[in-house]
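This report looks at one chain and its ligand. Start with the fold, then turn to one helix and the ligand shell.

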Amino acid sequence: MSKDRVLPEILGISATSLSAWSRCPRLYLNSYVLGTPRSDSSGSPDFGTFVHALMHQIHTTGSCHDSEHVRDVLEGYGADTGVVPSMIERHAERCPSENALMGRHEHQLARFYPGAPRFIASGRLDAIWRLDGVLEVRDYKTGGKATERVADDERARLQAWLAAPIASRLNLSLRVRYEHLAAEIDDEPDVFEPGPEELEEIQEELCATVAAIRVAGQAISTGGFPGVADAAICQRCDYRSICPDSATPGVPTWPEPPEEDST
Ligand code: SF4
Ligand SMILES: [Zn+2]
């Protein structure tokens, strides 16, 4: 039996779990090993998730180039005013859906790595297109621009590794592109077009990360998952009020039970 019993035999990884690990090992422990309930909710509805759901609906029931269809979907979601209509309009100008041979939105992928250490990576691609000899993975962004080069983002690197077997099977090259939907961002980060060597590098990075998580799992009783105690990171952490290493302690905001009706 494996020594690090707190972790499964085959570790599951995703963009969010890798991001948690790289921000703070203790955050990873709370979220992905212990499943600790979050003590600090951001409180705001997830706008990005909402826009992604809209994009999925628009593309699976019609076309983003059909303004009547788009209006119907937006009205159905109560999103026909505010910033969302202009985001969809902006997307339609750059959407290749009608020229693509294959196009899917919200496409879930998983890939098993059978070597050592074994792991299964999974992720949801916002869109995947087959265009002129290229398999293009597209990630819609509703927030600000976080990188100048898609190649520098670990999320994009994981997406590339996940999509690589499809590109290889179809004899296509691979591209990961970010599409910012907000009007104020007009210069997109450089696309990522990894070749075989860079895909190999990504695989090595993933193996190294999984190996490091395994080492932490073996040392869980002796502080294998230390907290970073960094105010810039802790202030956005969902465990900042209950974490002993928090640099920004506060009062937990657990969900409250509904008040009893006195009538
Ligand atoms: S509060 Fe800070 S140290 Fe604690 S888990 Fe969160 S990021 Fe890590
Ligand atoms: Zn589209």
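## Helix α7

The expected span of a helix is 1.5 Å times one less than its number of residues. This is a predicted model. Helix α7 covers residues 196–218, 23 residues in total. From first C-alpha to last, α7 reaches 33 Å, close to the 33 Å expected at 1.5 Å a residue.

Which residues of α7 are buried? They are Ile202, Leu206, Val210, Ile213, Ala216 and Gly217. An α-helix has 3.6 residues a turn, so residues three or four places apart point the same way.

## Overall fold

The chain holds 8 helices and 5 strands. Their order along the sequence is β-α-α-α-α-α-β-β-β-α-β-α-α. The C-alpha trace spans about 65 × 55 × 35 Å along its principal axes.

Of the 263 residues in the chain, 28% are buried. Take the contacts between residues at least 6 apart in sequence: 66% of them join residues at least 24 apart.

## Shell around ligand 1

There are 15 residues around ligand 1. Nearest come Cys24, Gly227, Cys234, Cys237 and Cys243. Helix α2 supplies the largest share, 3 residues.

By type, the shell around ligand 1 has 9 nonpolar, 3 polar and 3 charged residues.

How values were computed: Residues numbered from 1 in each chain as written. Chains lettered and ligands numbered in written order. Predicted model: local features only at pLDDT ≥ 70, side-chain atom pairs only at ≥ 80, totals over all residues. Near = placed C-beta within 6 Å. Helix = DSSP H or I, 4+ residues; strand = E, 2+ residues; numbered from the N terminus. Nonpolar A, V, L, I, M, F, W, Y, C, P; charged D, E, K, R; others polar. Buried ≥ 20, exposed ≤ 12 C-beta atoms within 10 Å, placed from the backbone. Contact = placed C-beta atoms within 7 Å.
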